[in-house]
Amino acid sequence: MSTQYDSIVEQYDEFRKKVGTRLENYNIQQALAPYIKGAKILDLACGTGHYSHQLIDWGASQVVGVDISAGMIATAKARAISSDVSYQIEDCSKPKKIEGGPFDIVFGSWLLNYAPDASVMVDMFTNISMNMKEGGRFIGATVKASENPREYVEATAKMNIMFWEYGRIEWTGDVDGGISTRVIADVGSGTLSFKNYHLSKSAYSKAAKEGGMKGPLRWKTLSLPEDESEIFGHKLKDREKQWAEYSKLPHFSILEIEKD
């Protein structure tokens, strides 16, 4: 995995405060809710610890956060507020048993989208499965599930709601199993830009099985809370219409897979 985030820690933190992230937070919490109470969780690609402490607040008993970026981990450690959360610098795309495992849940918010091809995604899933208890599960956020990622990226450029402040995505090339992209977003301190990959839905399924995750892939249906002001800070003028438009081309998907 890339260390591209070492130089953009502050900008990325600002990016993670946008409306799209609050929507992501809500849907991740809903996906984890049935399993998180008392769980020991491995937080892969944890960044500055955006989710690590939330996982404790939501009911986890212990969280180990792992990221390749020394800058991100340094910031996460400086912000640590619970002895139940620890951090390690490791490449999440390389299969390796993480100290503190095995884990009930392996969590990965924006992990799998950094697999530059199908082979590396297999390695990521191998890393996930080898650090998971039997009967455990993976839950994470990644790119929109699609069999035609380039068509999806081109369609998002025509959206009026601009991913609810998420930013824009540009196609940059083809790779084995999908495409490479660049995400560009305006944040308070300037423009944030980072490389990303969008592999096809079938590539995800094949890589998961080859990596030791034998259960079915479940792409969760996204939802809004009853009071959408939790996400936007205000009521939407036309909730149903705006949500229907966004739901056609959401900027993320929630994926759940059981180990066996």
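**Figure 1. Phe107 is a buried residue, with a relative accessible area of 0%.** The model is predicted: local features need pLDDT of at least 70 and side-chain atom pairs count only at pLDDT 80 or more, while totals for chains, interfaces and linings use all residues. Residues are numbered from 1 along each chain as its sequence is written, and side-chain values use heavy atoms, with hydrogens and water left out. Buried stands for under 20% relative accessible area, exposed for over 50%, and partly exposed for values in between (1.4 Å probe, protein chains only). Tyr51 is also buried, at 3% relative accessibility.

**Figure 2. Tyr51 and Phe107 in an aromatic pair.** There are five aromatic pairs in the structure. The ring centres of Tyr51 and Phe107 are 5.2 Å apart and the planes stand at 75 degrees, so this pair is edge-to-face. Tyr51 belongs to the loop between S1 and helix H3 (52-57) and Phe107 to strand S4, so the pair ties together parts 56 residues apart in sequence. Rings of Phe, Tyr and Trp (its six-membered ring) pair if their centres lie within 6.5 Å; planes under 30 degrees apart count as stacked, over 60 as edge-to-face and the rest as tilted. Together with Trp58, Tyr51 and Phe107 form one aromatic cluster. Helices (H or I, at least four residues) and strands (E, at least two) are DSSP runs, numbered from the N terminus.

**Figure 3. Tyr204 and Trp219 in an edge-to-face aromatic pair.** Tyr204 is buried, at a relative accessible area of 1%. Trp219 counts as partly exposed, at 22% relative accessibility. The two rings are 5.5 Å apart, centre to centre, with 70 degrees between the planes. Tyr204 sits in helix H7 and Trp219 in strand S9, so that the pair links distant parts of the chain, 15 residues apart.

**Figure 4. An open sheet of seven strands.** The strand order is S3-S2-S1-S4-S5-S10-S9, with mixed pairing. Strand S3 (85-89) and strand S9 (217-220) are the edge strands, each pairing on one side only. On average, neighbouring strands of the sheet are turned by 20 degrees against each other, direction ignored. Two strands pair if DSSP finds at least two bridges between them. Strand S1 (residues 40-44) runs parallel to strand S2 (residues 62-67), to which five bridges join S1. Val64 in S2 is the bridge partner of Leu42.

**Figure 5. Helices H4 and H5 against the sheet strands.** Helix H4 (residues 70-78) lies across S2 and S3, at about 160 degrees to S3. Helix H5 (residues 118-130) lies across S1, S4 (103-109), S5 (132-142) and S10 (253-258), at about 135 degrees to S5. Axes are lines fitted to C-alpha atoms, for helices over the stretch in contact (heavy atoms within 4.5 Å); angles run from 0 to 180 degrees between N-to-C directions.

**Figure 6. The buried residues and the N-terminal cap of H5.** Among the buried residues of H5 are Val120, Met124, Phe125 and Ile128. The buried residues of H5 pack against S1, S4, S5, strand S8 (190-199), helix H7 (201-210) and S10. At the N-terminal end, Asp117 caps H5, with a side-chain oxygen 3.1 Å from the backbone nitrogen of Ser119.

**Figure 7. Lys37 in the loop between helix H2 (19-32) and S1.** Lys37 counts as exposed, at 77% relative accessibility. Lys37 and Leu55 are separated by 18 residues in sequence and by 9.6 Å in space, C-alpha to C-alpha.

Note on methods:
Polar contact = N/O pair within 3.5 Å; in protein donor to acceptor, adjacent residues only side chain to side chain.
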